[in-house]
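Work through the exercises below with the model open. Each task is followed by a stepwise solution.

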Amino acid sequence: MSYLYFEEPTPVISDKIKILGFNFSNRVGLASGMDKNADYIDSLSHLGFGFLELGTVTPRAQAGNAKPRLFRLTEKRSLLNSMGFNNKGVEHAVLRIQKNKSKAIIGLSIGKNYDTPLEKAIEDYLFCFERAYPVSDYIAVNISSPNTEDLRQLESEKYFSSLITSLKKKQESYSKSLGYKPIILKLSPDLEESNLEYICKEILDKDIDGIICSNTTISHKYPQGGGLSGEELFEFSNKSLISFRSFLGSSFPIIASGGVMSRSHYKKKLELGADLVQVYTGMIYKGPILISEILRS
Ligand SMILES: Cc1cc2nc3c(=O)[nH]c(=O)nc-3n(C[C@H](O)[C@H](O)[C@H](O)COP(=O)(O)O)c2cc1C
C-alpha cells in the first residue's frame, strides 16, 4: 500500500492587508522621526510606502537636544540618536497634512514638550490629539522616546492608565462628528516583563486600537548614549514583539519597528506576528530602494 503525502504549502503572507479600518496597499510604512514636521508628504508618498507616520510633534515648537545628537555606527548598520523631539509644533504639521495632495494613509505621532512636567503631560497629549484628529488617519502616541527626560515614565502604572483613559474619552467624543480614528501607542523595547504585562492588560481593558513595537533601545554600551536603532536593534525589538504578541492575543493590531534592513527582516517580523512593519534606519543605509527590495516589486 502506498501513501501520497501532500506537503502543506508555506502560507504566503500577502503584502496587502485590511486592518485598523484601512485597506493598506502594502504593509511597509515610514516610521516616525524622519519627516518630523510633515514637510515632505507628497515626495514620500511616491516611494512605495503603504503608510506614512509623521512627527513626533509637540504642542509648541522646540529645538530638541544639543548637537551632536545623531551618530552613525556604519559597520553595524545602526544609529544612535538623542534628537529630543526637535519640531515646529503640532499646528505646523496639521497645516502641512491639510495641504498634502497624496492619498497616503497618514499617522501623526504626538508627544509632550520637554519642559512640561509629567503631571501635566496629559494636557500636552490632549492638545496635540485634538489637532491631529481631524487631519490624520490614525494618531500615534509616543510615550517611549528615550530622549525626553522621564518620558518613559508614562509607561508606568502611575501615569499610563489615566493617560490612555483621557485619550479614549476624547476619541469617543470626536468620533461622533469626525469618524473613528485609531489610537496607536508606541512602546519601548526596554520594558520589564511585569510592566509589559500590566501595559497589555490596560491596553485590552481600555480598548486601545494598536501598538507600535518598538522605539529605540537604551540597552547598549555606546558612550554617546541616546537610543539605538537599526540592525543592532533587530533581535532586541523582536523579543519585545514576541512578548507583546503573546500578551495581546493573535488578532490585536501590531506595527513592528526595529532593525528592518532587508526583505528577510521584514518577513521575520511578520512571522513573529506583526501586521504592519515600519522602517527608518534601513532608509538611511539603503535609501528608498529598500521598499521595493522588501516588497520585491
Ligand atoms: C534620528 C531618529 C529620530 C527618531 N525620531 C522619532 C520620533 O520623533 N518619534 C518616534 O516615535 N520615533 C522616532 N524614532 C524611532 C523610529 O521611528 C524607529 O521606531 C526606530 O528607529 C527603530 O526602527 P529602525 O531600526 O528601523 O530605525 C527616531 C529614530 C531615529 C533614528
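Two strands count as paired if DSSP finds at least two bridges between them. The model is predicted.

**Exercise 1.** Find the residue that stands opposite Leu79, then place its strand in the sheet.

*Solution.*
- Step 1. Opposite Leu79 stands Ser229, in strand 11.
- Step 2. Strand 6 and strand 11 are joined by four bridges, in the antiparallel sense.
- Step 3. The open sheet has three strands, ordered 5-6-11, with antiparallel pairing.
- Step 4. Strand 5 (70-73) and strand 11 are the edges; each has a single partner strand, so one side of each lacks a neighbour in the sheet.
- Step 5. From one strand to the next, the twist averages 25°.
- Step 6. Helix 6 (residues 231-248) lies across strand 6 and strand 11, at about 100° to strand 11.

**Exercise 2.** Describe the shell around the ligand.

*Solution.*
- Step 1. The shell has 27 residues, of which Ala31, Gly33, Ser229, Tyr280 and Thr281 come nearest.
- Step 2. Strand 6 (78-81), strand 11 (227-230) and helix 8 (281-286) each give two or more residues.
- Step 3. Sort by class: nine are nonpolar, 16 polar and two charged.

**Exercise 3.** Which residues have the most contacts inside the largest nonpolar core?

*Solution.*
- Step 1. This core has 68 residues, and Leu108, Ile110, Ile139 and Val141 have the most contacts inside it.
- Step 2. Helix 3 (residues 121-132) gives the largest share, six residues.
- Step 3. Take Val141: beyond four places in sequence, its contacts include Ile110, Tyr125 and Leu167.
- Step 4. Another core, of five residues, lies apart; among them are Leu79, Leu80, Leu228 and Phe234.

How values were computed:
Residues numbered from 1 in each chain as written. Predicted model: local features only at pLDDT ≥ 70, side-chain atom pairs only at ≥ 80, totals over all residues. Near = placed C-beta within 6 Å. Nonpolar A, V, L, I, M, F, W, Y, C, P; charged D, E, K, R; others polar. Axes fitted to C-alpha atoms, helices over the stretch in contact; angles between N-to-C directions. Contact = placed C-beta atoms within 7 Å. Core = buried A, V, L, I, M, F, W, Y, C linked by C-beta atoms within 7 Å. Buried ≥ 20, exposed ≤ 12 C-beta atoms within 10 Å, placed from the backbone.
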